[in-house]
Amino acid sequence: MTIEVYAVYLTVSTSDHPVGYVVNNIISDGPDIDLPAGQAAIADPDRAYPIGATYVAPPASS
Amino acid sequence: MANNTFIPFASGSTANVLSDSDYAAAIASGDLTTGFVQGLAKSAEVNKPIRQSTLMAAVLGQIIADNGTDAADSMTVAALESALLVALSPRSITQSNTAGNFTVPSGIYRIRMRIRGGGAGGGAGGGSSGENIGAGGGGGAGGYLEIMVPVAPGNSVSWVIGAGGSAGVNGGASGGQGGDTILYVNSTEVARARGGYGGINSTAGAVGQGGSGGGVAVTYSTGYLEYVGAGGSYGISFGGTGSGQGGFGGASFGFGLGTSTGPNSVGQNGGIGSGGSGGTGTSSGGSGGNGELIYDY
């Protein structure tokens, strides 16, 4: 199990920020992270998404 | 499952006992302060103190049983006292550097949490080789919080750990902000230790500003202590092309200050919750240290 950095981003816009806005950088040993509704995490080992950046989720494959 | 054989007496809703007010009045009048003496006693007056004492005995016995030890009136006073003290003592202490969760076990209604946010990254030096030496600012430390959290058995306690901020890169981004360490009970945030703010990159012959420390936020607790993280310092320029000193990363208690000196020195990485120090010359700053969470109950 690899411990790495995850970027936590909004999946629902708030009064302050749009969808995709990165609100936190956290450490986890896996993707199953308990987060509040409206947030999701993506592994970010290269630190491409610091707090304040925008993560754009890739389109779902058909 | 351990057994508790201390059982309340006369516990039914129609039990033949004095009401609380009548019992208090009887005590206050002095009629019962010497206890019963020779003669007939009213059964309701006898039953009332038996119910009160056996009820509390049952409570204490259940605390012992919930901790895994049988509670019975065949035990000695010393054995019961020992079992009760063990049941009331903290059972475990756990430290975590990654996101996690657990379910509150039976008998636990308060948990002490100590959390700190991620330290920020230090700023890079500045300029190119041959230019006057610049020195980046140190990253700020994460905030620290110690709190008593009210919980109930079966509650879900979870948390995320703030990552240390990324190091500043010469010609690129300054030191990154540390992540927040956040505590949730049943998916509702109850406390947060914020990450420190990043140290600023320098430019040739100049110095970068240190980042400020992270703060804290408490939504729900029975008591807490809070400390804002220490800020990073400015870089220090020695002038010319000889050398410079990167700004000190903010220290989180238990972890010291870091700094690097030289013409092209990479900043030092911060310890847990601490800021990375600034780099000098063409070199990057140091990364911030990850936050952590410690709990006991």
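# Notebook: chains A and B

**Val8(A).** I started with Val8(A), which sits in strand 1 (residues 4-10) of chain A. For the record, helices (H or I, at least four residues) and strands (E, at least two) are DSSP runs, numbered from the N terminus. This is a predicted model, where local features need pLDDT of at least 70, side-chain atom pairs count only at pLDDT 80 or more, and totals for chains, interfaces and linings use all residues. Residues are numbered from 1 along each chain as its sequence is written, chains are lettered from A and ligands numbered from 1 in the order in which they are written, and side-chain values use heavy atoms, with hydrogens and water left out.

Is Val8(A) buried or exposed? Val8(A) counts as buried because its relative accessibility is 2%; buried means under 20% relative accessible area, exposed over 50%, partly exposed in between (1.4 Å probe, protein chains only). I then listed what Val8(A) is in contact with (heavy atoms within 4.5 Å). Setting aside neighbours within four places in sequence, the list includes Tyr21(A), Val23(A), Ile26(A), Leu35(A) and Ala40(A). I also checked Gly20(A): C-alpha to C-alpha, Val8(A) and Gly20(A) are 8.9 Å apart in space, and 12 residues apart in sequence.

Arg47(A) is not a glycine, yet has a positive phi of about 55°. I found Arg47(A) in the segment after strand 3 (39-43) of chain A, and at 22% relative accessibility this residue counts as partly exposed. Ser187(B), also not a glycine, has a positive phi of about 70°. The loop holding Ser187(B) runs between strand 6 (181-185) and strand 7 (188-193) of chain B.

**Where the chains meet.** Next I looked at the interface, where 20 residues of chain B are in contact with 14 residues of chain A. The buried area between the two chains is about 1300 Å², and carbon and sulfur atoms give 55% of that. Buried area here is the accessible area (1.4 Å probe) that two parts lose on being put together, summed over both.

How many salt bridges does the rule find across the interface of chain B and chain A? It finds zero, a salt bridge being a side-chain nitrogen of Lys or Arg within 4 Å of a carboxyl oxygen of Asp or Glu. Polar contacts do turn up: five residue pairs between chain B and chain A, both residues at pLDDT 80 or more. A polar contact is a pair of N or O atoms within 3.5 Å; within protein, one must be able to donate a hydrogen and the other to accept it, and residues adjacent in sequence count only if both atoms are side-chain atoms.

On the side of chain B that touches chain A, strand 5 (156-162) and strand 6 of chain B are the elements giving two or more residues. Strand 5 of chain B gives the most, with four residues. By class I get six nonpolar, 13 polar and one charged residues on that side. Ala, Val, Leu, Ile, Met, Phe, Trp, Tyr, Cys and Pro count as nonpolar, Asp, Glu, Lys and Arg as charged, and the others, Gly among them, as polar.

Strands pair if DSSP finds at least two bridges between them. Ile27(A) has Ile161(B) as its bridge partner in strand 5 of chain B.

Thr98(B) was my next stop, in the loop between strand 1 (93-96) and strand 2 (100-103) of chain B. Thr98(B) is buried, with a relative accessible area of 12%. Apart from neighbours within four places in sequence, the contacts of Thr98(B) include Ile27(A), Asp29(A), Trp159(B) and Ile161(B).

**Salt bridges.** Arg114(B) is buried at 18% relative accessible area, and Asp296(B) is buried at 10%. Both belong to a network of salt bridges that links Arg112(B), Arg114(B), Glu146(B) and Asp296(B).

Last entry: Arg192(B) forms a salt bridge with Asp180(B), the closest N and O atoms being 2.8 Å apart. The side chain of Arg192(B) also meets that of Glu189(B) in a salt bridge (2.7 Å, N to O).
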